[in-house]
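Dear colleague,

Please find below the structure that I am handing over to you.

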Amino acid sequence: MKKFIMAAALTLVAGMAQAADPVMGVWKTQVDDGAYAHVNIAGCGTKICGVITRTFNNTGEYKSPNIGKNLLWDMSPNGGGAYSGGKIWQPSTGKEYKSKMALSGDTLNVSGCWGPICKKQVWSRVK
């Protein structure tokens, strides 16, 4: 019984810590291939994931088939605004990359790497 209570308490504490993670919220990506998105970053299990919630191009908001898809997943917080161990999907190419992020206030530096070659974007907080 003690083990059960301890496990439940640890799960609750881990969930509360994740819920308070400062990276969570809605972020605006940089323009890629003429479009950008709003991504809702939230907890997914013990990791952090981001789902495309809105899409925009040069004519304004539009209904992309990518809405509702994961843009990033399996990200682990490392402390100090650093996140790593995740993957990111580039909708314009359909490719997945190893990813890491660095949070500084309302700016999120996101990179996706394939071997030594990395693509980087700076996202801004929407809310």
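I begin with Asp74, which counts as partly exposed because its relative accessibility is 36%; buried means under 20% relative accessible area, exposed over 50%, and partly exposed in between (1.4 Å probe, protein chains only). Asp74 has a positive phi of about 60° although it is not a glycine. Its place is in strand β5, residues 70–79; helices (H or I, at least four residues) and strands (E, at least two) are DSSP runs, numbered from the N terminus.

Please note that this is a predicted model, in which local features need pLDDT of at least 70 and side-chain atom pairs count only at pLDDT 80 or more, while totals for chains, interfaces and linings use all residues. Residues are numbered from 1 along each chain as its sequence is written, and side-chain values use heavy atoms, with hydrogens and water left out.

A positive phi is also found at Asp33, a residue other than glycine, where the angle is near 55°. Asp33 sits in the loop between β1 (25–28) and β2, and with 66% relative accessibility it counts as exposed.

Next, the disulfides. With a disulfide taken as a pair of cysteine sulfur atoms within 2.5 Å, the count comes to 2. Counting bonded cysteines along the chain, the pattern is 1-2, 3-4.

- Cys44 and Cys49 are joined with an S to S distance of 1.8 Å. The link is right-handed, with 60° about the S-S bond. Cys44 is partly exposed at a relative accessible area of 29%, whereas Cys49 counts as buried at 11%.
- Cys113 and Cys118 are joined with an S to S distance of 2.0 Å. This link is right-handed, with 105° about the S-S bond. Cys113 is buried at 15% relative accessibility, while Cys118 is partly exposed at 36%.

I would also draw your attention to Ser99, which lies in strand β7 (residues 95–104). Ser99 counts as buried because its relative accessibility is 6%. Its side chain reaches the backbone oxygen of Ser111 at 2.8 Å; this is a polar contact, meaning a pair of N or O atoms within 3.5 Å, where within protein one must be able to donate a hydrogen and the other to accept it, and residues adjacent in sequence count only if both atoms are side-chain atoms. Leaving aside neighbours within four places in sequence, the residues in contact with Ser99 include Met75, Lys87, Ile88, Val110 and Ser111, contact meaning heavy atoms within 4.5 Å.

Finally, the largest pocket. A pocket is an open set of points on a 1 Å grid over the protein atoms alone, where a 1.4 Å probe fits, with protein on both sides within 12 Å along at least five of seven lines; lining residues have an atom within 4 Å of a point. About 510 Å³ of space lies in the largest pocket, the volume being the space filled by probe spheres set on the points, which are joined across faces, edges and corners. Its lining has 26 residues, and Asp32, Trp89, Gln90, Pro91 and Gln121 lie nearest its centre. At least two lining residues come from each of β2 (36–44), β3 (47–57), β6 (82–90), β8 (107–114) and β9 (117–125), and β9 gives the most, with 4 residues. The lining divides into 12 nonpolar, 10 polar and 4 charged residues; Ala, Val, Leu, Ile, Met, Phe, Trp, Tyr, Cys and Pro count as nonpolar, Asp, Glu, Lys and Arg as charged, and the others, Gly among them, as polar.

With kind regards
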